[in-house]
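Colleague: Before I rely on this model, please take me through its backbone, its ring contacts and its pocket, stating each criterion as you use it.

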Amino acid sequence: MSADQGLEEGRRLGLRLVRALNGAAVEPAGLAWLYTRCLGSRWAAGEALVAEMMAGLYAQHQYYGVIGVAQRVGPENVGAGAVRVALAAISKQQKMAKSRGALGFRGVARFMEEYRGDGCPFRQLARRLVDILGRRDPRLVSAQLLAKLLEIELLSVPTSAKLPRQVHPWLDAYFRYGVEPTVHAFTILMHAYLRCGDPEFALWIYQSMQRGSVTFVQEGRAESMRVPAPNDVALATVALVWCQRRQWAQLHGVLERLGEGGLVSQRLVTRAVSAMVDDGHVREAEDLWLKYGCTPGPNALSTRVVNDRALAKLVLGCTRAKEVVKATGYFRTCCEFASLSETPKTHLTGLFNAVLRCALDNAPGLVDLEPLDTGDGRPDLDILRIARLHCVRFDGDTYSVLISHLSRVAHTHELDAVAGAMQNLYTRLCSEGIVLDDMMVCHLVPVWVYLDLGQLVTMYWRVHTRGRPQRKVVQFRRHIMYRAEDWGVKDRVTKLLS
């Protein structure tokens, strides 16, 4: 067997081994370590083997492992398939780093150190891979690869940056490889200018796509470039422009056009509802969600598609507008649809707290954590019934809202009843492992003094004042004394805290 034949046989065996490892129950991190070490050795890996390594790691969401393999490839073993997977992994890892606001783990930190220099390391590696492929054969560089490269380059730009109002500098790679820019490339540019706070230029790009050409100045002379016609994705991006500019009439016009073809994405609906709620247009947000945020079925619980994120934003909008009845109804809908899915329901607690706070703002009565099922017309008890029915978990904020409400209405009710209700809340939150915050203690200290539970006052006073500056201790004491006046126990509290 010749040396070339032996090399080829070794590559075939290596490919079979990598495929077996990708299909086996191997720890993903260990697999990434093994592949990067293999490429770092003298073993000559072929193009198919590198592509198989990257594909296996990408399928297991080991994006940094794909980056590690990509750092070690060269012209002899990189192909269009490997570059496509590598760029997708770089984009994923870049977005993860962006969402953390910083490099949140050691792997990316090492990556940054290895590629320290001008510009973003993700962008540098993406450019290097495309350049290697282009030097090998420019025909292998496709519009799809260049679109992903453009996305990585634009995502590396900080959102605070002021992007130049020019299109052609971003399309330099397209010109270099003789590839015509696609509508996807221009949509990526529109998103980038939106992200950096320039919706006007994003709209100009869309209008240029409608005209079919764009004119720019290069080396002192005017140049004209043909631009592809916009598609539905670009039209949806324009809807985001209208969201950012708070131009609701234009937004509805775009949604109508997209809705005719059933092309309204739920991400767009969420953005639109959120923008309307933030701008105080709750009624318009409600109409938009009812029209596009759900697909009705034969009955309420057989709805096929429900945009729960937009619905949650609508609940918060109703609480801001003090529309308690609507907020309660939409919260009930959130709970009903959450019960049909297998995803965690932790977001319901935050919505419950917001609606409960809104309902208690004008509620004159005491709160019963186990309200009867019969309707009594009280929104605060309605929301508690819904929470109990759907097993919504209480947290520290929930108990803080309830305790604050009882403390506020204490002077209009029999103190014994209020004190008993507040002590029951304290017992329940302790049984659930919830730690009291300063506000809870301020409300509960007068109750404990009223119930002759001075040992609790002494214990929590020591816990919450230990190690605090004197200024903070004085402020904490002042808040407690203010509440003690409503209970008529000011002198006794002063004695216990002295």
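This is a predicted model: local features need pLDDT of at least 70, side-chain atom pairs count only at pLDDT 80 or more; totals for chains, interfaces and linings use all residues.

**Loops, rings and a pocket**

Colleague: What is phi at D452, and is the residue buried or exposed?

Modeller: Most residues other than glycine have a negative phi. D452 is not a glycine, yet its phi is positive, at about 60°. Its relative accessibility is 59%, and since buried means under 20% relative accessible area, exposed over 50% and partly exposed in between (1.4 Å probe, protein chains only), D452 counts as exposed.

Colleague: What value does phi take in C391?

Modeller: C391 is found in the loop between helix 19 (379–389) and helix 20 (396–408), and at 69% relative accessibility it counts as exposed. It is a residue other than glycine with a positive phi, near 55°.

Colleague: For the chain overall, how many helices and strands are there, and what share of the residues is buried?

Modeller: The protein chain has 25 helices and four strands. Contact means heavy atoms within 4.5 Å, and among contacts between residues at least 6 apart in sequence, 64% join residues at least 24 apart. Of the 498 residues in the protein chain, the buried share is 47%.

Colleague: How many aromatic pairs does the structure hold, and which geometry do Y426 and Y460 form?

Modeller: Rings of Phe, Tyr and Trp (its six-membered ring) pair if their centres lie within 6.5 Å, and planes under 30 degrees apart count as stacked, over 60 as edge-to-face and the rest as tilted; the structure holds 12 aromatic pairs. In the pair of Y426 and Y460, the centres are 6.1 Å apart and the planes stand at 80°. The pair links distant parts of the chain, 34 residues apart, with Y426 in helix 21 (residues 415–431) and Y460 in helix 23 (residues 454–465). Y426 is buried at 9% relative accessibility, Y460 is buried at 12%, and their pair is edge-to-face.

Colleague: Which arginine lies over the face of F394?

Modeller: F394 belongs to a cluster in which ring pairs link it with F331, F352 and Y399. A charge sits over a ring if NZ of Lys or CZ of Arg is within 6 Å of the ring centre and within 35 degrees of the ring normal. At 4.9 Å from the ring centre of F394, that residue is R428.

Colleague: How much space lies in the largest pocket, and which helix supplies the largest share of its lining?

Modeller: On a 1 Å grid over the protein atoms alone, a pocket is an open set of points where a 1.4 Å probe fits, with protein on both sides within 12 Å along at least five of seven lines, and lining residues have an atom within 4 Å of a point. Grid points are joined across faces, edges and corners, and the volume is the space filled by probe spheres set on the points, which gives about 930 Å³. The lining has 24 residues, of which H191, T237, L240, R267 and R271 lie nearest the centre. The largest share, seven residues, comes from helix 10.

Colleague: What separates the C-alpha atoms of A236 and L263?

Modeller: A236 is found in helix 12 and counts as buried at 17% relative accessibility. Leaving aside residues up to four places away in sequence, A236 touches L258 and L268. Although A236 and L263 are 27 residues apart along the chain, their C-alpha separation is 8.5 Å.

Methods: Residues are numbered from 1 along each chain as its sequence is written. Side-chain values use heavy atoms; hydrogens and water are left out. Helices (H or I, at least four residues) and strands (E, at least two) are DSSP runs, numbered from the N terminus.
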